[in-house]
Amino acid sequence: MGNFVIHPDDNAEINLENGHKYARRDIKKGEAVIKYGFPVGVATSDIKKGEHIHSHNLKTALCAKQEYSYNPSGKSAEKAEPITVSAYVRDNGRIGIRNDVWIIPTVGCVNKIAEKIANETGAFCFAHPYGCSQLGDDLLFTQKTLCALIKHPNAGGVLVLGLGCENNNISELKGVLGDYDEKRVKFLNAQDCEDEISEGIKIVNALRKNAAADKREAVPISRLAIGLKCGGSDGLSGITANPQVGRLCDRLVSMGASCVLTEVPEMFGAEQLLLNRCKTKEIFDKAVDMINGFKDYYISYNQPISENPSPGNREGGITTLEEKSLGCVQKGGTAEISGVLGIGEAVKESGLSLLSGPGNDIVAITNLTAASCNIILFTTGRGTPLGAPVPTVKIATNSALAEKKRGWIDFDSQSQTDGELLSLIVETVNGKETKNEINGFREIAIFKNGVTL
């Protein structure tokens, strides 16, 4: 395959077989190594032309905090006629692309009860260990995330299963939940009944019967919300899959759809590129607060903000966080940024929004689901079976992975076209199951930042 140069200003080129970097020319100690047209770190020794560039001779140049300036460079997407898709239109106007019944525990103590009810009814249970012994914002993160799942439009019905004595009891949760569809959402406290299993089964079966009356109808794709995520990244992520998803994001935005980019720590080193694309100064200020808020989160635990690339990332050719971030943000294409969301906050604007939250795969896909994303496009170079509560389209950066893990991967970015990816998205929206759905791989993890009582 040979080597590939991403940007003409790069002094590093990428081997397309292993995803690693090699010097295009001699690089002096202390000189920036350039990839994607931007610095990805500093050489720690002299590097000869053709020499391998990696952890042994490259280090991060990231600093903990910095000042940001607003230099608008975002471009409004030219509007395109939206494609028609088939979806369930909910009473609040949002669309769902699935009509499942979900069981949401308020607290980890009832996880096994929820699982038993799910096994008996065919509902999907989303267990988690939280909902009690939490305080302040930590408890609020749990409540907001669960409330967002309860209201998710992909769910035709939801049983909220509580214990009765937890901090996050049903009464407290309803205070955060606000208005909800009483036909689609039901509640049960396990301590309040003699046989919570049979009572839960009865409620879920009634929800399933009610959901069975829902019918798909034709709607424009502009009403769709799409989450963007990468995990198990490699050196090809920023060359094949992420740019391809970015082009698709731009195309969907041009049709009026909503795309959501998260993984804030994997914006560090590339954040100014995103900040310059903010539609207004107000959105810019919110984005800066999101970036600096996550840096403060690291600093509060005395952790370096740059210690991100995993062993698998490094084996796949990624050396520094700057390098990982510059590849990661390409999933967001080039469209201007129209909104900034907190954890548990539903996307409101068409266009590209930034969502607060960590890069951790399972937490990030949970946050994207909680943002009301109907579907998640998940690029991967190393491979992962992970799935969200919503369809999670796995997009391989390389054909070798797509061939090896056909039970995990939905799309091969190295050999398939943009048009084929768009067609797959439309088919998935219309009901085609993704590999995570076929495998039954659906789970959640809630962001935690606080003490445990």
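This is a predicted model: local features need pLDDT of at least 70, side-chain atom pairs count only at pLDDT 80 or more; totals for chains, interfaces and linings use all residues.

Student: How many helices and strands does the chain have?

Tutor: Helices (H or I, at least four residues) and strands (E, at least two) are DSSP runs, numbered from the N terminus. Counted that way, the chain has 13 helices and 21 strands.

Student: Why is the chain said to be as compact as a globular protein of that length?

Tutor: The radius of gyration is taken over C-alpha atoms, and the globule rule is 2.2 Å times the number of residues to the power 0.38. For 453 residues the rule gives 22 Å, and the chain is as compact as a globular protein of that length because its own radius of gyration is close to this, at 22 Å.

Student: What share of the residues counts as buried?

Tutor: Buried means under 20% relative accessible area (1.4 Å probe, protein chains only). Of the 453 residues of the chain, the buried share is 56%.

Student: Which helix gives the most to the lining of the largest pocket?

Tutor: On a 1 Å grid over the protein atoms alone, a pocket is an open set of points with protein on both sides within 12 Å along at least five of seven lines, a cavity is a set where a 1.4 Å probe fits but cannot get out, and lining residues have an atom within 4 Å of a point. The largest pocket is lined by 17 residues, with L273, R277, Q330, G333 and T334 nearest its centre. Four lining residues come from the helix that gives the most, α5 (residues 241-254).

Student: Which helix gives the most to the second largest pocket's lining?

Tutor: Among the 21 residues that line the second largest pocket, N92, C147, K151, L177 and D179 are the closest to its centre. Both α2 (136-150) and α3 (170-177) supply at least two lining residues. The most, four residues, come from α2.

Student: And which helix gives the most to the lining of the largest cavity?

Tutor: Of the 13 residues lining the largest cavity, D234, S237, I318, K324 and G327 are the closest to its centre. The helix that gives the most, with four residues, covers residues 321-328 and is α9.

Methods
Residues are numbered from 1 along each chain as its sequence is written. Side-chain values use heavy atoms; hydrogens and water are left out. Buried means under 20% relative accessible area, exposed over 50%, partly exposed in between (1.4 Å probe, protein chains only).
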